[in-house]
Amino acid sequence: MQGSVRENRNMISLPTRPLILASTSVYRRQLLERLQLPFSVVASHVDETPLPDESPPEIACRLALAKARSVAQAHPSAVVIGSDQVADLDGQALGKPGNHARAVAQLRTMRGKTVVFQTAVAVVCLESGFAQTELACIKVRFRDLSDAQIETYLLAEQPYDCAGSAKSEGLGIALLERIDNDDPTALIGLPLIRTCRMIEAAGVKVL
């Protein structure tokens, strides 16, 4: 009987809070869909301009939290996920290129070098007072690419909305010699291992 009582108690749980992704990025949406949880997508409209003397990790963490908090203001009972990624080349922040010429310049600068992709995720629930930010650092070694190889890649992928112009889930994997990280999804834009841990702590049941 005691075993039955314990089993019944384990089946009793609080309702899962609504889950919101504070990003319109198709890459982050596709990653979050892997968890097979219902969620909404809400744009955060946060100014992503770096602050003076702000390091790449600081930029990523600040913006991830700002995005989550911005959306949480209108959805205080929800668990809101914010994320941001900055390519870090020897302390220099490389963001989204926005156009072809800037993407060419970024990839020329990174070829033959190791770049750290600083990917931050923040989870906020205003109603419960939950707020947490974690940073995943992904070291990526780029091949010594020719200008022709860079052009071929850019024309095929047009990764102008990707930090550092690196779309690793597509042809961008051919740019790389090596990837070192503890979460394979972090390079794409949302570190799911950390995200699972954080949203569960905030009240969203994953499994």
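Modeller: Let's start with S83, whose side chain makes a polar contact with the side chain of R28 at 3.5 Å. This is a predicted model, where local features need pLDDT of at least 70, side-chain atom pairs count only at pLDDT 80 or more, and totals for chains, interfaces and linings use all residues. Residues are numbered from 1 along each chain as its sequence is written, and side-chain values use heavy atoms, with hydrogens and water left out.

Biologist: What makes the S83 and R28 pair a polar contact?

Modeller: The term covers a pair of N or O atoms within 3.5 Å; within protein, one must be able to donate a hydrogen and the other to accept it, and residues adjacent in sequence count only if both atoms are side-chain atoms. The S83 and R28 side chains are listed at 3.5 Å.

Biologist: Why is S83 called buried?

Modeller: Buried means under 20% relative accessible area, exposed over 50%, and partly exposed in between (1.4 Å probe, protein chains only). S83 has 1%, so S83 is buried.

Biologist: And why is A131 called partly exposed?

Modeller: Its relative accessible area is 48%, so A131 falls in the partly exposed class.

Biologist: Which residues does A131 touch, not counting those up to four places away in sequence?

Modeller: A131 touches V123 and V124, where contact means heavy atoms within 4.5 Å.

Biologist: How do you know that β5 and β6 pair?

Modeller: Two strands pair if DSSP finds at least two bridges between them. Here 12 bridges join β5 (residues 114-125) to β6, and the strands run antiparallel.

Methods:
Helix = DSSP H or I, 4+ residues; strand = E, 2+ residues; numbered from the N terminus.
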